[in-house]
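Please read the points below with the sequence and structure open beside them. They are short notes for someone new to this entry.

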Amino acid sequence: MTENATAQARASDADEEYYAEVERATNVFNQRDYSAAIEVCEKAVKRWPERAEMYFILGVIAYEMGNQGRAITLIEKAHQIDPDCRDYAEALATIHTRVGNLTNGLYYAKLTLTLEPHHRFRPLVPAPLSDYFGALQNVRPSGHYLTGARLFNQRRYAEAADALRAEIEINRDHFECSRLLGRALHMTGDYGRAVDALHAAVHLAPRDAKAHAYLGDSLLRLGRFSEAIASHERARRLAPGDAAIHAAVMGGLAFHPSDEVWATYRKRAAQWARRSVRTRAPGSGIDKATLDQRKIRVGYISHAFFEGPEMAFIEALLRHHDRSRFEVFCYQHFVTKDSVSTTLESHVDSWRNVYDTDPVTASYMLQGDGLDILVDLSGHAEGERLELLRERAVPVQVSWLGHPEAAASPGIDYVLSDAVTARHDRRMCLGDQESVLLQGGLVAVRPFSHYPAVSESPAGAHRIVTFGGVCDLGRIGPDVAALWSDVLMAVPGSRLVLGHVGAIPQAVRNHAIELFAHYGVTDRVSFQEPAVTANPRGADRLADLEYFSLIDVMLDTTPVNGTIETCQALWMGVPVINLTARRRAGLMGASILTAAGKTEWVANTRRRYVKMAADLAKDPARLAEIRRSLRTEIEGSALFDVRAFARSVENAYRAILQK
Amino acid sequence: MTRSPVSEPFSPASLEPGVAPLAGETTEAKPRSRRPAGDGEKRAGKTATAAPPRRRGKSAAAKRRPEKPSVRGAGGKARRKMTPHETPEELRARNLETFRKCSEPIYRDLLNYEPKSTLVYTDSGEPDVEFMGTRLYGGRGAHTYAREQLDSFWRTPNRLYQSLMDSRVLDNHSGEFGTAMMKRVLKSGVSFKVIPESRSAYFLVVMGIGLAPHLDELVGETSCRCLLLVEPNLELLHHSTYVYDWSKLIEKFGASRQIQFVLTSKPEEISRAIQGTIRVQNPAGLDGTVFYSHYPNSILHKAHDDLRRQDIAVGMMGLGFFEDEINMIAQTYQNLRHGKMRIMDSIEGNMSIPAFIVGSGPSLDETLPIIKANQDRAVIIGCGSALDPLLANGITPDFLVLLERDPDLLPFQQGTSREFDMSGICLVGATNLYPGITDLYDETIMFFRPGISSYPLFKRSTHQMMAKPDPLVANGALSFAQRTGFRDFYFFGVDVGAKDADYHHSKYSWYNTKGMQIGYALDTKTQANFGGTVTTGTVFLWSKNGLEQSIRMLSGGRHYYNCSDGGLIQGAIPLHPSRLSLPKVKSKRRLVRELIDRFPFYSKEDFDEAWATADVHRTIPAFCKQLGDCLKENDFSDMGYLTEAMKLLKPGSIDDGVAMLFRGSVYFMLMLLHSYGQRISTRKERTRFQRIARQEFTRALKRMADEALEFFDAVEAETHAWNK
């Protein structure tokens with residue numbers, strides 16, 4: 001036998017072996033044992049990656065299992081490897097047609113006329129996959145996008161992302177789907193993949209302002225501030241009059257670490273306000289003489305009356321309003337409700353959904369409800385109601401929490417401030433806006449009585465001090481990385497655990513490590529590894545609390561401070577070191593710590609911040625004492641005195657109405 | 001066993017921290033004031049809650065002190081044995097097998113469920129559930145908690161009592177039955193308590209399953225025939241499978257009784273499921289329904305509150321009554337016998353033009369100029385009395401929907417036809433319309449109303465029925481628009497109430513121009529579409545519920561806008577009329593014409609075949625005999641007679657014309673039997689009552705059967721005379 005003949009014989013043997021595997025896969029498939037068939041195919045694909053049949057079988061299995069998108073991808077792979085096989089083209093013609101991709105279906109259908117059938121493969125092709133004309137009569141556009149949209153509206157973001165990915169596998173050019181996928185991934189915290197999906201959306205529809213705005217949001221959360229600003233700017237140029245885009249731009253500015261960039265905020269807000277706000281004197285239409293004889297009608301409007309970071313503040317107020325003197329209305333600007341919304345609803349007199357209601361109609365509703373005061377809880381966050389506020393349907397419109405600023409919002413008459421934020425708020429006020437001082441703090445929360453007991457200090461157990469920081473790259477810019485590195489360097493042997501955000505995607509980890517690499521402390525930075533369970537939302541909540549058992553001292557971010565996590569940390573016995581900044585979001589930490597009676601942990605310079613953290617870390621006895629006593633100490637503070645807080649807000653409302 | 005969709009995960013928001021108040025504290029029983037019933041609600045009866053007298057004694061368990069909880073062991077749930085022979089895992093396996101057989105969806109959910117909380121045990125071995133340091137039973141353990149709660153509950157049980165009906169709120173036949181029966185019963189010396197002394201109830205609604213420590217006692221004490229188990233946290237049902245013997249409970253219920261699981265965290269779904277179950281299982285068994293709240297939960301609280309606010313009896317309305325049914329059969333007979341009417345059918349395709357559904361609520365007047373300005377951009381579907389306001393303002397509706405059989409409608413319609421040009425309007429009418437009305441229109445599309453007996457008697461296909469067309473014409477108009485493929489719906493003057501109760505309809509409508517009367521009171525408040533509230537009434541609320549259901553059922557790819565300055569209709573986006581902006585439409589007339597032409601005719605052959613098939617002369621007497629037999633063998637106190645009767649009356653079904661003809665009035669008779677029957681305290685009196693009730697029931701049925709047959713004979717004779 002010649003060498004050539006030997007090689008041929010060997011090839012023929014390999015061929016036979018391969019086709020024996022194909023036959024095995026086919027048999028298992030015909031017995032409808034798909035997992036076994038997949039196993040056979042995957043092994044074969046690893047061994048013979050250049051052969052088409054196994055991809056085709058996998059595609060057929062995917063089709064049978066209802067995943068047409070995956071089926072198309074796999075069979076297209078088979079078609080690429082063996083473009084002369086009619087069966088592959090035929091299957092592609094049929095599947096594309098069935099899911100509504102008629103052009104692609106027609107392309108492959110035409111192609112089949114020029115191709116030859118597979119010489120030994122026919123029996124595998126299920127009848128429906130070779131019936132192009134049957135498919136034409138049974139076109140059923142894919143429902144994945146609608147399913148994804150529905151799940152997104154139900155805030156089931158991970159499931160929504162799965163459905164949207166399935167749609168994209170079928171319709172790669174589905175721009176809305178890519179955009180929504182990006183948003184869904186953003187909401188799950190997977191900002192890296194969100195950016196990929198949104199880049200695809202921007203590529204498909206370069207003039208879609210929303211896609212650019214969303215891309216900006218996701219870039220921001222990856223700490224890519226300049227790119228984020230650029231995307232937001234592009235969105236603004238494409239839709240200069242769009243309130244949602246304006247809100248995204250303004251929200252983006254708030255996160256930018258540069259004070260120079262931030263400094264443009266007020267100017268932009270003033271420009272927007274000038275072009276859009278109706279004028280009327282605050283309080284006009286209220287009969288002040290009757291105020292003492294009737295209930296004051298106060299409405300709260302929010303896009304986020306559901307489980308979320310600020311809900312604890314909102315719930316505390318709504319729950320403790322004096323219903324004998326106040327009639328409380330809530331306007332939900334979101335499509336679905338959850339158990340938290342249901343609980344809130346039970347605390348108020350009237351609950352309305354204003355999602356999808358245009359601003360003019362919504363303003364009639366507010367007037368119809370006879371509100372005296374409307375409190376905007378959305379600010380410039382997603383789901384803003386800037387256009388409604390501009391209608392000035394309610395005699396007095398108030399901003400409280402503010403996103404990112406309470407003042408400088410068009411249509412707002414008064415801003416609720418506390419001693420910490422008042423000066424800044426006054427500086428940010430536009431035109432006739434006024435700041436009204438609350439006695440006590442700016443926020444209060446109910447004691448977290450259902451939280452676990454305070455755990456032992458890690459420093460006590462390991463003799464190494466562990467600092468903690470929220471792993472949100474939107475809040476950890478280069479400056480924060482430098483600041484925290486300084487803290488680490490000031491406390492030899494200490495380490496930093498980033499967490500409190502559930503599972504941390506690799507892209508976020510990589511970027512975080514890059515930030516700290518400049519300071520040579522990467523070996524001292526690690527990430528919380530929360531347990532993965534079937535319910536990320538529930539698990540995250542637990543993981544968030546477990547996070548506090550890992551750290552001794554929490555380092556707050558700046559210029560955007562933490563809010564609810566600061567309250568949680570204090571409750572869990574963890575001191576929080578804060579550095580104030582000249583923006584509302586950079587004063588929230590100080591406001592909370594002041595309400596908790598912990599002003600000694602508020603720094604106004606970077607040097608003091610480092611010193612405070614280092615001093616604490618170097619005094620293990622004090623740390624242990626704080627951990628032991630902090631909960632009891634703050635329980636009686638203004639931060640947890642929700643009744644007093646509600647009275648303080650009510651007094652402010654009354655004072656406003658009497659003006 | 002059936003179930004509703006499953007729920008959100010267990011969370012602190014749903015398991016509210018703190019010690020749970022006992023049921024008696026949360027479910028205060030108060031007498032409820034009610035207004036007089038109008039025509040429309042006459043058939044629903046009244047509801048009230050009240051506390052029965054205290055029972056004597058106190059169980060030993062109630063005196064037991066709460067146990068201090070222990071720290072849970074690793075794994076928690078696998079720690080204890082349930083019986084000497086069965087571990088919790090074995091019990092769970094047995095329970096899962098039972099669920100697999102009875103309800104595959106519940107089985108699947110439980111099988112794959114991953115709990116976030118932990119099943120723990122107190123020192124005394126009682127199970128509890130712990131989530132983030134909080135215990136469901138406040139650390140006392142399930143059984144101690146349940147014992148205390150049950151003891152408290154039985155002292156002031158939360159039950160729904162219907163006011164005892166008298167002949168003034170009943171229809172002729174049930175009234176006659178009631179009068180005859182009560183005369184004899186009272187004469188025989190039987191006396192009645194204000195509320196039942198017995199704990200028996202046809203329906204037991206348990207709000208919160210938890211670990212199910214309360215179920216056996218509740219089921220045992222109430223001897224319920226239908227058990228509704230509501231649980232917003234699947235988590236808790238999951239844990240219960242380790243500690244509670246579901247197999248035993250399900251087996252106990254067997255085929256003659258029913259268990260329904262309502263596993264959802266949406267309060268509105270819970271209240272709908274409860275209302276729906278009672279309606280389709282046995283509306284006559286509503287009186288005495290027991291509501292038991294097991295643990296404090298805002299979802300359950302809201303659902304319970306919704307039920308209370310909506311008035312559960314509203315959901316029981318529209319059950320019909322005999323005389324009405326007879327008339328509607330006769331009028332359907334007259335309308336269809338000629339073979340000249342178009343009939344509702346399965347219409348394929350989408351309408352690319354919006355539909356205006358125009359009611360005659362008071363807010364219509366303000367919007368008439370807007371409707372007029374847009375009349376070429378939308379198909380206008382007028383609702384009954386909106387005809388005059390539209391015509392008087394130069395708007396010709398493309399369709400006018402009429403629903404009621406009432407002969408009084410004819411003179412109003414005739415008056416309008418004299419005053420205005422009604423050509424070009426297509427009447428969309430229920431088959432039971434008063435004959436003569438259709439003559440006023442160029443053409444008519446008829447449809448069957450599903451809840452009335454003429455539908456199964458005359459229908460040739462299910463497509464000829466229109467879903468949810470009542471109680472008011474706006475419901476019919478929306479249903480028609482949905483059926484005909486419209487995608488965008490705009491409501492005008494569909495106010496389901498009024499800002500000013502004295503000004504309840506358009507100033508141009510017959511109510512204000514010709515003295516037409518509304519047959520229902522406006523005496524309650526509901527949220528308004530554009531803020532504030534409107535005054536509404538039971539029938540309007542019923543209509544509003546129906547509109548909301550229709551919208552929910554057909555929401556995908558459709559948009560509903562409410563431009564009426566009336567009551568809020570959930571699912572229809574409020575839209576101030578000033579914001580209405582519609583694109584131009586090329587040829588509305590052509591679209592309307594094409595739409596009408598898509599409806600086939602109900603031929604004479606269709607009619608003859610349907611009537612022959614109905615064979616009322618044979619089916620009516622046979623039905624009455626069977627129904628009378630339901631009471632023969634039964635002791636009323638176990639309520640088995642109600643179950644038997646319901647098998648014949650088929651409350652949830654619309655495919656038995658004879659059952660539907662009788663069932664409205666028979667429901668009322670059974671309600672009387674049930675309500676009065678459970679208020680008798682001595683055995684001797686009960687026996688007397690049952691004997692008399694049986695006799696009068698059989699007599700009443702005979703009277704109704706005779707009347708029906710006589711009536712049909714007369715209609716047939718009249719038709720033969722006309723034909724000649």
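1. Contacts along chain A. Taking contacts in chain A between residues at least 6 apart in sequence, 69% join residues at least 24 apart. The model is predicted, and every value in this note should be read with that in mind.

2. Make-up of chain A. The chain has 30 helices and 13 strands. Its C-alpha atoms fill a box of roughly 105 × 65 × 45 Å along the principal axes. Of its 659 residues, 59% count as buried.

3. Charge in chain A. There are 77 positive and 81 negative charges, and their mean positions are 6 Å apart. On the surface, A:R423, A:R426, A:R427 and A:R582 gather in a patch of positive charge. One of these, A:R582, sits in the loop between β12 (576–579) and α27 (588–595) of chain A. A:R582 counts as exposed because its relative accessibility is 63%, and the cut-off for exposed is over 50%.

4. A nonpolar patch on chain A. A:L102, A:F133, A:L136 and A:V139 make a nonpolar surface patch of about 360 Å². Of these residues, A:L136 belongs to helix α7 (residues 132–137) of chain A. With 39% relative accessibility, A:L136 counts as partly exposed.

5. A buried serine in chain A. Is A:S178 buried or exposed? At 4% relative accessibility, A:S178 counts as buried. This serine is in helix α10 (residues 175–188) of chain A. Leaving aside residues up to four places away in sequence, A:S178 touches A:I168, A:A197, A:A200, A:A201 and A:L204.

6. Salt bridges. Side chains of opposite charge can pair when their charged atoms come close. Over all chains, the count comes to 66 salt bridges. The next two points take examples from chain B.

7. Two salt bridges with a buried partner. B:E217 pairs with B:R147, with the closest N and O atoms 2.5 Å apart. B:E217 lies in helix α7 (residues 215–222) of chain B and B:R147 in helix α5 (residues 142–155) of chain B, so the pair ties together parts that are 70 residues apart in sequence. B:R147 is buried, with a relative accessible area of 14%, whereas B:E217 is partly exposed at 23%. A salt bridge also joins the side chains of B:E86 and B:R94, at 2.7 Å from N to O. Here B:E86 counts as buried at 14% relative accessibility, while B:R94 is partly exposed at 32%.

8. B:E644 forms a salt bridge with B:K647, the closest N and O atoms being 3.2 Å apart. Both residues are in helix α23 (residues 640–649) of chain B, 3 residues apart, which is about one turn of the helix. B:E644 is partly exposed at 34% relative accessibility, and B:K647 is exposed at 52%. Elsewhere, salt bridges that share partners link B:R342, B:E443, B:R593 and B:D597 into one network.

9. Helix α15 of chain B. Which residues of this helix (residues 409–419) are buried? They are B:L409, B:L410, B:F412, B:Q413, B:G415 and B:T416. The cover over these buried residues includes α14 (387–392), β13 (399–402) and α18 (510–513) of chain B.

10. Backbone points to check. Most residues other than glycine have a negative phi, and most peptide bonds are trans. A cis peptide bond joins A:T558 and A:P559, with omega of about 10°; A:P559 lies in the loop between β11 (553–555) and α26 (564–571) of chain A. Another cis peptide bond joins B:D470 and B:P471, with omega of about 20°; B:P471 lies in the loop between α16 (454–458) and α17 (473–483) of chain B.

11. Positive phi angles. A:H500 is not a glycine, yet has a positive phi of about 65°. A:H500 is in the loop between β9 (495–499) and α24 (506–517) of chain A, and is buried, with a relative accessible area of 9%. B:S223, also not a glycine, has a positive phi of about 50°. B:S223 is in the loop between α7 and β7 (226–230) of chain B and counts as partly exposed at 35% relative accessibility.

Methods: Residues numbered from 1 in each chain as written. Chains lettered and ligands numbered in written order. Predicted model: local features only at pLDDT ≥ 70, side-chain atom pairs only at ≥ 80, totals over all residues. Heavy atoms only, no water. Patch = residues over 30% accessible without salt bridge, like charges linked within 9 Å, V, L, I, M, F, W, Y side chains within 5 Å. Areas by Shrake-Rupley, 256 points an atom, 1.4 Å probe, with all protein chains shown as cover. Salt bridge = Lys/Arg side-chain N within 4 Å of Asp/Glu carboxyl O. Lys, Arg positive; Asp, Glu negative; His and termini not counted. Charge placed at Lys NZ, Arg CZ, Asp CG, Glu CD. Helix = DSSP H or I, 4+ residues; strand = E, 2+ residues; numbered from the N terminus. Buried < 20%, exposed > 50% of the residue type's maximum accessible area, 1.4 Å probe, protein only. Contact = heavy atoms within 4.5 Å.
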